[in-house]
Each structure stands twice: as C-alpha cells, then as structure tokens.
Amino acid sequence: MVSAAAVALTFALVLANFADQSHGALQEGFYKGKCNVDVEKIVSDIITPLVGQKPWITPALLRLQFHDCFVNGCDASILLDGSSSEKTAIPNRSVRGYDVIDLVKAAIEKSCPGVVSCADVVVMATRDAVAASKGGWYSVQTGRRDGLVSLAKNVNLPGSSISVENSAAIFNSKGISTEDMVHLLGGHTIGVAHCSFIKNRLYNFNNTGSTDLTMQTELAVFLKLKCPHTSTVDNTVDLDQGGSSLVIEGEPTSEIVDNSFYKQIVIRRGVLGIDQALALNKLTKDTVNKVAISSNDYFLTKFQQAMVKLGAVEVLTGTQGEIRKSCRAINKS
C-alpha cells in the first residue's frame, strides 16, 4: 500500500514540474537578481491606482496586448512610432494605452535601466489591470525581448464580424486552441464597442435591410437607441450588456472581469457578431455554455491561463531583438 507521504511527495513533484514549465525561454521571476528592485511591484504600484481612476485602462491594455501578440508575436512592435508602423494600421487607430505603458517603462528605467523589455511591460501591466478589475492576480512569465520591425502592412487581425471557423483558424495558427480562443474573447466582458462596429447587425445584416435575427429583440431595440441609423456621432455601447451577482454597490459589470459576458451571449445578448456566434457555433457553444453555468472562479482561472498562453505567442528571447530604452523607438546604434 502506498503511504500518504509517498503520495504527497509525488504530488509535490508534479506541481514542481508544472511550475517549471515555460514557453520557450520565458520564465516566472525572470528579473529577480537582474535588478535591485522588484520590477513587478513597480508595475503594480502604478497600474492598480490608475485603473481605479480610469477603468477604461483594463480593456485598453487587453486590446493592446492582443493586437501586439497577433502581429509578429508579443514583441511590443505595436508601440513603435513611425509613419508606416503598426500603430497606423486601420485596426490599430483606436488602440489606447500607449501612454500608460510609457509611464510604467519610465519608472522602471529609473530604477533598473536597460534591463526590462517593453514587451514584458505590456504583459505585466495588462495582468495588473485585470487584477484591479476584479479579474484576479495571476503569475506571468517574463524574459521577452523587443522587436525591431513594425509595419502597418503586417497587421491582419480578426474583425468583429469574422466567422467562428475563420477566427479559430487564426488563433490555431498562433498555437492557441479554439477553447482558449473562447476564453480569451471573454475579455469582452469589460469595455465598449463603437456603434460603427455593430450598425450592420442592427440595420442591414448581410445586406438584408433588417436586424441580425440572432440578436435578442429587446437588445436590438436598446442598441438602436444608442446607435441611431443616421447618427454622425460614433457612440459606444458596453460589450457586456448584463448584470452580475458580483456587482457591489451598483458597480456596472461592464467594468468587471467576470463571466457575465457568457451568460449574456447564451441568451442572444452578444453585441459583436463574433461574440454572439461563439454561443451558436458547434465549435464553441459547449465551451461557452460551460463557462456560463460554472462559477466565476472557473472563468477567471481559464481566462488567466489563456492570457499566459497569449503572452507566449512568437516571442523573442535570448539575444533576439533588443531591450528598448523607449518603447516608442528602437535603440540608436
């Protein structure tokens, strides 16, 4: 009979082995011993109070990290300025949060110059923003290097009306499973969408001259009030249209990272086309339903795990790339 001590030892070894796993040369605590300061604490001390003052920072940084990682990998190439850089591509013109990354990078450079990459700053700052929005804190791997190339022509991101099949193919090409894609799109539980992204669903879906029938009628009526057909102002609407049992003192669930998003799309209250399609498509509906009926902690765990995987997409490590002094420009020779 196996002793309890032997079982405990085996379990401990399994946990240790899991903890040691890393994506490429990335690892948790990469900067320990490389700086005389706690780099991750510097990031947290800046991001946490900022999110309290400006809740939009969390969805902005989630979007910024996604847009960075899906073009040339997580190499901070989206941060580079230039007349034809990634920033200038149409999908990136509404990306925000660059000044937040600048603020964090400047603080780190004062204490530990030339060591911490902008790519790692993006990942750490996004993690802390999620935590500050009730999404829970999670460990992230670091050790990324910054890219040297940023071209608008390389930007080819999945749009809000893409099919589930095509979206899954793009995510799969980045080494992210279809299930993890569903968990990552749970990031739409926080933040807003501009009316220009949904007017097609409201007024002329697939050139039918009518509303997308997969949208709940009551939601369509409400969104049409927020997004009048002839309006020249591009208003915004919450991506998460529901309430939540986790709401405290009237705090809107659209400012909280929780599983409310999934509960909404299963009753056809998805705002973006791709969001609603997740709950209807055979490739993804089981995963959506699982998150919707499970505890919020279940979603947070799955979301955090998927974010770590996103942060490992096509990274530069070792001697590849560089450690930028300014996130907006490559170092001068």
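Predicted model: local features only at pLDDT ≥ 70, side-chain atom pairs only at ≥ 80, totals over all residues.
1. Ile330 sits in the segment after α13 (296–310). Together with Leu148 and Val149, Ile330 makes up a nonpolar patch on the surface, and the accessible area of the three is about 260 Å².

2. Overall make-up. The protein chain contains 13 helices and four strands. Of its 333 residues, 48% are buried. Taking contacts between residues at least 6 apart in sequence, 74% of them join residues at least 24 apart.

3. Disulfide count and pairing. The protein has four disulfides. If the bonded cysteines of the protein chain are numbered in sequence order, they pair as 1-4, 2-3, 5-8 and 6-7. Three of these links, including that of Cys35 and Cys112, are taken up in the next points, along with Cys69–Cys74 and Cys195–Cys227.

4. Cys35–Cys112. The sulfur atoms of Cys35 and Cys112 are 1.8 Å apart in this disulfide. The angle about the S-S bond is -75°, and the link is left-handed. Cys35 belongs to the loop between β1 (27–28) and α2 (39–53), while Cys112 belongs to the loop between α4 (98–111) and α5 (118–135), so the bond ties together parts that are 77 residues apart in sequence. Cys35 and Cys112 are both buried.

5. Cys69–Cys74. Here the S to S distance is 2.0 Å. The value about the S-S bond is 120°, and the link of Cys69 and Cys74 is right-handed. Both Cys69 and Cys74 are buried.

6. Cys195–Cys227. The sulfur atoms of Cys195 and Cys227 lie 2.0 Å apart. Because the torsion about their S-S bond is about -70°, this disulfide is left-handed. The pair links distant parts of the chain, 32 residues apart: Cys195 is in the loop between β3 (192–194) and α8, and Cys227 is in the loop between α9 and β4 (236–238). Cys195 and Cys227 are both buried.

7. Backbone at Ala76. Most residues other than glycine have a negative phi. Ala76 is not a glycine, yet its phi is positive, about 60°. Ala76 is placed in the loop between α3 (57–69) and α4. Its relative accessible area is 0%, so Ala76 is buried.

8. Backbone at Asn207. Asn207 likewise has a positive phi of about 60° without being a glycine. Asn207 lies in the loop between α8 and α9. With a relative accessible area of 69%, Asn207 is exposed, whereas Ala76 is buried.

9. Gln216. The loop between α8 (199–203) and α9 (217–226) also holds Gln216. Gln216 has a relative accessible area of 16% and is therefore buried, as the limit for that class is under 20%. Apart from neighbours within four places in sequence, Gln216 is in contact with Ile267, Arg268 and Arg269.

Definitions and conventions: Residues numbered from 1 in each chain as written. Heavy atoms only, no water. Helix = DSSP H or I, 4+ residues; strand = E, 2+ residues; numbered from the N terminus. Buried < 20%, exposed > 50% of the residue type's maximum accessible area, 1.4 Å probe, protein only. Contact = heavy atoms within 4.5 Å. Disulfide = S-S within 2.5 Å. Patch = residues over 30% accessible without salt bridge, like charges linked within 9 Å, V, L, I, M, F, W, Y side chains within 5 Å. Areas by Shrake-Rupley, 256 points an atom, 1.4 Å probe, with all protein chains shown as cover. Salt bridge = Lys/Arg side-chain N within 4 Å of Asp/Glu carboxyl O.
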